[in-house]
Amino acid sequence: MKHIFFIFFLFTLFNSCKDSNAIVLAEGIWLAQLEVGDHQFLPFNFNLKNTASGANTIELYNADETIFIDEIKVMKDSVVIRLPVFEGYLAGKFTDKEIKGKFIKENEERVLPFKAVHGIEERFKSSGIPNTNISGDWEVEFKPENGESYMAKGSFRQVDDKVSGTFRTATGDYRFLEGINSVDSVKFSTFDGARAYLFKAKTTDSSMVGVFYSGKHSKEFFVAKRNENYELPNSEALTYLKKGYDRLSFSFPDSEGNLVSLTDPVFKDKVVIVQIMGTWCPNCLDETKFLVDYVEKHSNEKIAVIALAFEYAKTKEAAYKSINRLKDRIGVQYPILLAQYGGIDKEMAQKKLPMLNHVLSFPTTIIIGKRGEVQKIYTGFNGPATGSNYDSFKKDFHNFILQLLEV
């Protein structure tokens with residue numbers, strides 16, 4: 001049924017166009033909005049440019065993050081904008097200064113209404129001077145409508161009424177959030193082709209009470225209190241080997257169908273970094289970029305990296321297509337094995353790696369010493385949106401690898 005809808009949508013998109021003079025999307029800043037839960041609207045800005053060849057490029061902004069988009073197809077008055085790496089794309093009809101359509105994630109069977117208007121720079125409209133400044137650290141409890149509550153740490157900076165920052169949880173961060181504090185209300189959002197997050201809250205000097213929308217499929221309430229001393233659990237203590245195990249063991253195929261395991265000669269006497277990840281996962285993308293950069297800067301024949309991909313894609317072929325797209329776009333030189341496709345159930349993932357107590361998060365990263373024994377396991381990944389936390393992680397990670405190389 002999903003594929004019938006998709007084929008019908010594309011047929012309508014590219015074949016119902018009226019014969020007319022070609023319409024050109026206006027260059028410059030645009031304000032886009034996705035309709036999420038409760039008919040709320042998640043805004044983000046992008047800058048569109050027309051190249052000399054007649055193609056389009058886009059820079060999409062989330063606070064300090066800029067996402068460069070060059071996979072844009074235009075046919076008459078229809079456009080498809082594919083976000084880099086992730087499968088999600090924007091598709092719709094346009095005039096020179098307006099686009100109306102859908103944000104579509106096929107494998108997850110999720111669709112959000114989408115609209116963009118040219119010439120608007122403000123992400124959120126202000127309704128007045130803020131009563132508070134939310135800069136600093138916050139202890140946060142999220143309460144899903146269906147599910148157990150969980151803790152997070154919010155870290156924000158506010159200049160005038162503009163707000164940026166992120167929430168960190170035990171399994172990773174919510175990436176680059178950008179928004180506004182206006183009178184007694186704060187709003188911030190992020191969109192990267194995988195995550196479509198909107199946060200809204202009432203504020204005082206010491207509290208935030210609000211709601212968090214992830215697309216249309218998830219709604220969570222949250223309560224935050226200012227707490228500069230709050231810390232999350234140690235990410236190195238959450239995932240561990242079960243009693244009786246000291247090694248990780250697996251055998252999964254690479255993109256050529258060759259089975260790869262840690263007992264292969266290529267890994268002998270090396271420090272091996274094993275990344276449990278998925279191409280659909282923003283925190284995994286952050287970590288993949290880190291690992292690619294780390295390998296380039298610290299080239300060492302005694303260090304090896306290998307990734308185990310758990311994919312939403314319904315077929316093996318589609319899963320490998322996603323893996324190869326990630327490798328091409330990010331420049332991944334290390335092998336990414338297909339551990340699972342057709343879903344990302346964490347219990348199923350744990351069954352593939354039964355020596356672990358659980359797979360709590362994508363990514364999970366396992367560091368193995370030169371003798372083949374597991375030395376450390378990181379649950380989740382706090383990426384560049386977390387600022388000093390990311391800097392500390394990079395330093396600690398490098399120092400630990402150096403220690404293992406010396407053994």
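Me: Two strands pair if DSSP finds at least two bridges between them. With that settled, which residue in β15 is the bridge partner of N181?
Reply: Please note that this is a predicted model. The bridge partner of N181 in β15 is V186.

Me: How do β14 and β15 pair, and over how many bridges?
Reply: Strand β14, residues 177-182, pairs with β15 in the antiparallel sense over 5 bridges. The two strands form a hairpin with 2 residues between them. In that turn, V183 has a positive phi of about 55 degrees.

Me: And what about β15 and β16, how do they pair?
Reply: Their pairing is also antiparallel, over 7 bridges, with β16 covering residues 196-203. V186 has a bridge partner here too, namely A201 in β16. β15 and β16 form a hairpin with 4 residues between them, and G193 in the turn has a positive phi of about 95 degrees.

Me: Is β15 mostly covered or mostly open?
Reply: Strand β15, residues 185-191, is mostly covered, as 6 of its 7 residues are buried.

Me: Changing topic: what is the strand order in the open sheet of 5 strands?
Reply: The order is β23-β22-β21-β24-β25, and the pairing is mixed. From one strand to the next, the twist averages 20 degrees.

Me: Which strands stand at the edges?
Reply: The edge strands are β23 (336-340) and β25 (374-379). Each has a single partner strand, so one side of each has no neighbour in the sheet.

Me: How do β21 and β22 run, and how many bridges join them?
Reply: Strand β21 (residues 271-277) and strand β22 (residues 303-310) run parallel and are joined by 7 bridges. M277 stands opposite A309 in β22.

Me: Which strands does α2 lie across?
Reply: Helix α2 lies across β21, β22 and β24 (364-368), and runs at about 160 degrees to β21. Helix α3, residues 316-330, lies across β21, β22 and β23, and runs at about 145 degrees to β23.

Me: At what angle do α2 and α5 pack?
Reply: Helix α2 (residues 282-297) packs against helix α5 (residues 388-406) at an angle of about 45 degrees, and their axes are 13 Å apart. That angle makes α2 oblique to α5. The crossing of the two helices is right-handed.

Me: Which residues make that contact?
Reply: From α2 the contact uses F290, L291 and Y294. From α5 it uses Y390, F393, K394, F397, H398 and I401. The residues of this contact divide into 7 nonpolar, 1 polar and 1 charged.

Me: Now the loops. Is the peptide bond from F362 to P363 cis or trans?
Reply: The bond from F362 to P363 is cis, with omega near 0 degrees. P363 is placed in the loop between α4 (346-352) and β24.

Me: Where is K76, then?
Reply: K76 is in the loop between β5 (71-75) and β6 (78-82). Although K76 is not a glycine, it has a positive phi of about 55 degrees.

Me: Why does K76 count as partly exposed?
Reply: Partly exposed lies between the buried limit, under 20%, and the exposed limit, over 50%. K76 counts as partly exposed because its relative accessibility is 42%.

Me: And E109, is it buried or exposed?
Reply: E109 counts as exposed because its relative accessibility is 55%. E109 lies in the loop between β8 (98-105) and β9 (110-118). Its phi is near 55 degrees, a positive value in a residue other than glycine.

Definitions and conventions
Residues are numbered from 1 along each chain as its sequence is written. This is a predicted model: local features need pLDDT of at least 70, side-chain atom pairs count only at pLDDT 80 or more; totals for chains, interfaces and linings use all residues. Side-chain values use heavy atoms; hydrogens and water are left out. Axes are lines fitted to C-alpha atoms, for helices over the stretch in contact, and angles run from 0 to 180 degrees between N-to-C directions. Angles under 35 degrees count as roughly parallel, over 145 as roughly antiparallel, 65 to 115 as roughly perpendicular and the rest as oblique. A crossing is left-handed if the near helix is turned anticlockwise from the far one by less than a right angle, and right-handed if clockwise. Contact means heavy atoms within 4.5 Å. Ala, Val, Leu, Ile, Met, Phe, Trp, Tyr, Cys and Pro count as nonpolar, Asp, Glu, Lys and Arg as charged, and the others, Gly among them, as polar. Buried means under 20% relative accessible area, exposed over 50%, partly exposed in between (1.4 Å probe, protein chains only).
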